[in-house]
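Please read them with the structure open.

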Amino acid sequence: MNFKETEEYLDQAARHGIKPSLDRIRILCSKLGDPQLAFPSIHITGTNGKTSTARMISSILEVGGRKVARYTSPHMQSVTERMCINGRPVSERDFAALLQEILPQVKETDRETGDPLSYFEITTAMAFVHFAKRKVDAGVIEVGLGGRWDATNLVDSRVQLITGVALDHVVELGGTVEKIAFEKAGIIKEDSYVISAVSDTEALEVISRTCEEKGSSLKLLGRDFQLLYN
């Protein structure tokens, strides 16, 4: 399977649309040996600024001498941009090889569930495998949509970032800021650190409550830390 054929296969998967569930990706990752657990991750969600935040965090970690994986979406020119290690996108050849490698497990999962994996679920699994094989020191992983049932929400993260919350993707996430905040707060893990710039009162209430329930520490822009400008 070459790169063009890989793109064509993924385009077919894109027709399945957005299907809120972690069941399919959890089964697939299990079949692949749970590669997302091979490295610690920083998980990022929010209405705006996710990719920029992911790039900044990755750069800081790279300067510190770490081998850093970055997974973001969508892409501008090529799907390979979604999977970077130390700022370099995966090659077209390696991208095609990744799909070829996991394709038997993808088809097996589709047969077992009767609910075909989506474009994002497949590319997320590919990224996990790629990063695990390359033995990265850390992953900076951007949520595709929402958070609670996003395919990236299987990562091992002790740090989660919620950039901000506003009305977005209301069909999938809900028609109020409170409902959207609930979906994004779904990435918060037990006993973790949550960093956020959320200012909306209703959204902040949801995030604060989730942190309390999870025993996680919330660090809020303007309250616990400030940005310094030169």
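1. Tyr229 is exposed, with a relative accessible area of 71% (exposed is over 50%, buried under 20%, partly exposed in between, with a 1.4 Å probe and protein chains only). Tyr229 lies in the segment after β8. Helices (H or I, at least four residues) and strands (E, at least two) are DSSP runs, numbered from the N terminus.

2. The model is a predicted one: local features need pLDDT of at least 70, side-chain atom pairs count only at pLDDT 80 or more, and totals for chains, interfaces and linings use all residues. Residues are numbered from 1 along each chain as its sequence is written, and side-chain values use heavy atoms, with hydrogens and water left out.

3. Tyr229 also belongs to a nonpolar surface patch of about 360 Å², together with Leu221 and Leu227. Patch residues have over 30% relative accessible area and no salt bridge; nonpolar side chains (Val, Leu, Ile, Met, Phe, Trp, Tyr) are joined within 5 Å, like charges within 9 Å. A salt bridge here is a side-chain nitrogen of Lys or Arg within 4 Å of a carboxyl oxygen of Asp or Glu. Areas come from the Shrake-Rupley method with a 1.4 Å probe, and for residues only the protein chains shown count as cover.

4. The sheet is open and mixed, with eight strands in the order β4-β3-β2-β5-β1-β6-β7-β8. Two strands count as paired if DSSP finds at least two bridges between them. The edges are β4 (88-89) and β8 (217-220); each has a single partner strand, so one side of each is without a neighbour in the sheet. Helix α8 (residues 201-214) packs on the sheet and touches β6 (157-162), β7 (193-196) and β8, its direction making about 150 degrees with that of β8. Contact means heavy atoms within 4.5 Å; axes are lines fitted to C-alpha atoms, for helices over the stretch in contact, and angles run from 0 to 180 degrees between N-to-C directions.

5. Within the sheet, β2 (residues 68-71) and β5 (residues 138-142) run parallel and are paired over four bridges. Arg70 stands opposite Val140 in β5.

6. Some backbone details deserve a look. The peptide bond between Ser73 and Pro74 is cis, with omega about -5 degrees; Pro74 sits in the loop between β2 and β3 (83-85). Asp34, not a glycine, has a positive phi of about 50 degrees. Asp34 is in the loop between α2 (23-31) and β1 (41-45) and is partly exposed at 28% relative accessibility.

7. Asn86, in the loop between β3 and β4, has a positive phi near 50 degrees. Asn86 is partly exposed, at 37% relative accessibility.
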